[in-house]
Amino acid sequence: MPFASEQMQSVASQQLSKSDTIKLRNKHIGQACQLFYRSDPLKIVRGQGQYMFDEEGTRYLDCINNVAHVGHCHPEVVRAGALQMATISTNNRFLHDELVQCAKTLTSKMPSPLSVCFFVNSGSEANDLALRLARNYTKRQDVITLDHAYHGHLQSVMEISPYKFNQPGGEKKPDYVHVAPCPDIYGGQYTDKEFPNADLGLLYAQPIADICERQMAKGEGVAAFIAESLQSCGGQILPPAGYFQRVYDAVHQAGGVCIADEVQVGFGRVGSHYWAFETQNVVPDIVCVAKPMGNGHPVGAVVTTPEIAQAFHATGVAYFNTYGGNPVSCAIANAVMRIIDEEGLQQNAHQLGDYLLRECSQLKQEFDCVGDVRGLGLFVGIELVTDRDARIPDTKGAHWVVNRMKQLHKVLVSSDGPNDNVIKLKPPMCFNLENADEFLLAFRECLTTLTQEQLQQARVADAAATAALTTNGVIATAADTLANKTKMFERQDRLIKSV
């Protein structure tokens with residue numbers, strides 16, 4: 001690979017101890033910038049493919065990183081960026097082939113009429129620009145977003161991110177932002193358990209139709225509806241069939257445009273399609289892309305229709321972004337899209353995703369603490385619960401699993417969702433069958449140990465309850481309770497011994 005010797009020399013030249021790095025970070029980096037594994041953070045000094053390495057050379061399997069889309073330090077991406085950086089890096093007010101080739105390739109993967117690009121540096125910038133385009137085109141202000149959504153860290157997109165503004169200390173939601181329920185059929189407002197025969201896509205779309213009707217009745221309409229095609233921070237949420245079709249219809253009737261935030265899930269991650277919005281058979285008016293587009297390099301884009309782009313141009317205010325669309329960023333993005341195609345990474349996501357979902361669903365049959373398994377391609381969520389029937393989230397258990405996976409198995413996963421109880425998998429797209437089996441074996445061990453600890457805690461609690469009942473003279477009832485619990489323990493023990 002390019003620069004292999006230089007890379008190793010760079011790692012070897014790390015002079016600071018981990019403790020010194022932590023001290024300097026605490027002193028000079030804002031405390032709002034949080035670390036993974038805060039009680040025992042990782043010092044990562046090198047990456048390759050689907051692996052990351054700490055300062056001691058310990059290798060970790062990366063199941064978190066949807067940014068390093070084609071693999072950490074992919075040699076072709078490194079080569080493309082280094083070559084272009086050594087040649088010229090300037091702004092997009094000069095003609096350059098990498099820029100127009102990037103736009104051509106990106107739009108070739110979009111459905112018609114999405115054919116015009118604006119290049120930016122991040123998902124936050126992309127979503128911010130998408131709102132500007134929508135408000136300019138519609139001449140309206142109001143935006144509909146989904147509960148638990150996250151669209152970036154700029155002020156404009158923090159306003160439409162309940163994942164952030166609903167936190168303690170979050171800023172108040174503006175009146176022109178309207179929040180509709182997250183279409184979570186497992187733990188949301190309308191679930192497949194409570195409404196087993198209902199059209200859940202229709203139920204979840206109705207609140208958005210209601211918002212549009214109220215806005216129309218006031219003579220205001222809406223500027224835009226924005227949604228992650230698959231919600232990530234919200235807990236790996238897959239909307240029910242027909243949901244986005246109904247929502248898009250309602251928004252368009254209210255004079256608004258529809259924005260698909262593909263920052264987390266685009267570029268083939270869902271396996272069956274290149275873009276996640278395609279799984280719902282819709283065509284957005286504006287699409288925002290970033291994270292995986294640069295494989296770790298800051299690059300993003302907004303893709304829209306000629307009509308919306310022309311309305312933006314007609315304002316007479318030029319759009320200029322110093323680094324957006326620079327030749328280095330575009331060369332890297334071109335390399336990423338080329339690698340996805342040449343290495344069959346979308347097909348890999350499809351096949352491997354099916355395998356992971358099938359095997360994780362088997363774990364659900366074996367362990368009562370697994371409430372739900374859902375996902376598409378290499379975008380998988382495993383929801384942990386303390387009570388499967390009541391679907392009570394197990395936040396503590398999820399945190400325990402995340403830490404044990406890292407400390408014992410050297411496998412990096414994360415948890416998220418409104419209750420932080422969903423184990424998330426969104427690894428680099430070069431993830432392979434051996435990696436999947438390594439994750440599954442480690443995860444099974446964690447579930448086994450978690451179940452054993454919970455059973456032990458239940459035995460202790462039952463013993464205490466029996467003692468209290470005996471003191472009160474209710475021995476027979478206590479004996480029945482203990483007998484029922486014992487049967488449950490024996491069933492769980494049999495499952496554990498089968499591991």
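A cavity is a set of points, on a 1 Å grid over the protein atoms alone, where a 1.4 Å probe fits but cannot get out, and its lining residues have an atom within 4 Å of a point. Before I use that, the source. This is a predicted model, where local features need pLDDT of at least 70, side-chain atom pairs count only at pLDDT 80 or more, and totals for chains, interfaces and linings use all residues. Residues are numbered from 1 along each chain as its sequence is written, and side-chain values use heavy atoms, with hydrogens and water left out.

Cavities, then. The count comes to three cavities of 30 Å³ or more. The largest cavity holds about 50 Å³ of space, where a volume is the space filled by probe spheres set on the points, and grid points are joined across faces, edges and corners. Its lining is Leu146, Cys182, Pro183, Ala227, Glu228, Gln231, Ile237, Pro239 and Phe244. By class, that lining has seven nonpolar, one polar and one charged. Here Ala, Val, Leu, Ile, Met, Phe, Trp, Tyr, Cys and Pro count as nonpolar, Asp, Glu, Lys and Arg as charged, and the others, Gly among them, as polar.

The second largest cavity has about 40 Å³. Among the residues that line the second largest cavity are Thr90, His96 and Pro327. Its lining divides into four nonpolar, five polar and no charged.

Next, two helices. Helices (H or I, at least four residues) and strands (E, at least two) are DSSP runs, numbered from the N terminus. How do H5 and H10 cross? The axes of helix H5 (residues 123–138) and helix H10 (residues 306–313) come within 9 Å and cross at roughly 85 degrees. Axes are lines fitted to C-alpha atoms, for helices over the stretch in contact, and angles run from 0 to 180 degrees between N-to-C directions. H5 is therefore roughly perpendicular to H10, a label for 65 to 115 degrees. On the H5 side, the contact (heavy atoms within 4.5 Å) includes Leu129 and Tyr137, and on the H10 side Ile308 and Phe312. The contact residues divide into six nonpolar, one polar and two charged.

Last, a sheet. Four strands form an open sheet in the order E1-E2-E3-E14, with mixed pairing. Strands E1 (44–48) and E14 (411–412) stand at the edges with a single partner strand each, so one side of each has no neighbour in the sheet. Strand E3 (residues 59–62) pairs with E14 in the parallel sense over two bridges; pairing needs at least two bridges found by DSSP. Aspartate 62 stands opposite leucine 412 in E14.

Key
Angles under 35 degrees count as roughly parallel, over 145 as roughly antiparallel, 65 to 115 as roughly perpendicular and the rest as oblique. On a 1 Å grid over the protein atoms alone, a cavity is a set of points where a 1.4 Å probe fits but cannot get out, and a pocket is an open set with protein on both sides within 12 Å along at least five of seven lines; lining residues have an atom within 4 Å of a point.
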